[in-house]
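Have a look at the model first, then read on.

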Amino acid sequence: MIATWYALVSLMLVVYVILDGRNFGAGMLHWVVARTPEERRQVVAAIGPLWTWHEVWLVGFGGTLVAVFPRLMASAFAGYYLALFLILWSLILRGVSIEVGGHIDDLLWQGFWDFVFVFSNFLLALLFGAAAGNLGRGVPLDAEGNFSMAFFTDFRVHGYVGLLDWYTVSIAIFTVVILAAHGATYLTYKTEGPVHDRSAAWAKNLWAAAAPLFLAISVESWVVRPDVPEHAITNPFCWMGLLIIVGSIVALISGLSNGRETRAFVASNALLVGLLVTGAAAIFPVMLYSTLAPSNSLTAYGVASSHRTLVLASIWWPLGFALSTTYSVFISRRYAGKVSAERDTQDFY
């Protein structure tokens, strides 16, 4: 049952990264693919009213994590306190910039909120990437399961590490690039005119840049955590994730080369799924690895709730998930279709 809940929690995080990750990417490219106020409204309209709903998956992920793995949340929230508040403020600033940026027809006002929009999305991608790097590398957990970290220490990956070192920075850079590529692919699929053409060009360049970065962080991950590949080989979900990655890369190259926007967008989503599934399966059952002593690490089996709590959660969780999925599909279909410069975008901005 614990392994099943680990998979369900991972699923909610995967859905969030796919959905809001494209918003991060589109936001980071806001200035380079859109050069006029009308084109910038077109980019924001592509995100549309969906961005608030995408964050619900993050809330659901956190709530499920509290219910199912409470000890993990207690340890992680205390240790990542500063980083979590940076993420929270970035999410707030992004939302404010979308909601108020177009309310006053003034170039200075709109230019300021455009900057906030771009910067907050970039910072969110960077912070989530650094968080993924910390999850892969580990944190300085003591014997009681507690830890605290500065922003950086000596940039080493063992011992009393900080939030940032050469490995977590590498993962953060890769995350920024791949989410920007994901966002460019989404804008290519969603927009028309000059924004579409620039997004298509950026998508090709960014995906080309992501390939060597992925190879580099794969080698780095093996150096930092040599125990992970040994466990991954025996996990069938890792092989499933690798197959998804290979298939997605083939479809993505084909879609980008032949101008098949839908194929490229689907492949972009699938590629993120493959990467996240492979990573989650590779580290299981460890949820927080200790850089001080492996015996201090927190595993899914050690931080899970009682059997009774898990049984109760298995009753209400499917209902909530079904409602969330149903509404997500409904709202996505409601705002499906291309967003052009001629389409009224004021409602989204």
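## Before you start

This is a predicted model, where local features need pLDDT of at least 70, side-chain atom pairs count only at pLDDT 80 or more, and totals for chains, interfaces and linings use all residues. Residues are numbered from 1 along each chain as its sequence is written, and side-chain values use heavy atoms, with hydrogens and water left out.

## Helix α5

Helices here are DSSP runs (H or I, at least four residues), and strands are too (E, at least two), numbered from the N terminus. In α5 (residues 70-79), the buried residues are Leu72, Met73, Ser75, Ala76 and Gly79; buried means under 20% relative accessible area with a 1.4 Å probe, protein chains only. Their cover includes helices α4, α6 and α13, plus strands β1 and β2.

## The cores

A nonpolar core is a set of buried Ala, Val, Leu, Ile, Met, Phe, Trp, Tyr and Cys residues joined through side-chain atoms within 4.5 Å. The largest one has 86 residues, and Tyr6, Leu65, Phe69, Tyr80, Trp207, Met287 and Leu288 touch the most other members. Helix α1 (residues 2-28) gives this core its largest share, 13 residues. There's also a second, separate core of five residues, including Val228 and Cys238.

## A helix pair

The axes (lines fitted to C-alpha atoms, over the stretch in contact for helices) have angles from 0 to 180 degrees between N-to-C directions. Those of α11 (residues 236-258) and α12 (residues 261-283) come within 7 Å and cross at roughly 160 degrees. That makes α11 roughly antiparallel to α12, a label for angles over 145 degrees.

How values were computed:
Buried < 20%, exposed > 50% of the residue type's maximum accessible area, 1.4 Å probe, protein only. Contact = heavy atoms within 4.5 Å. Parallel < 35°, antiparallel > 145°, perpendicular 65-115°, else oblique.
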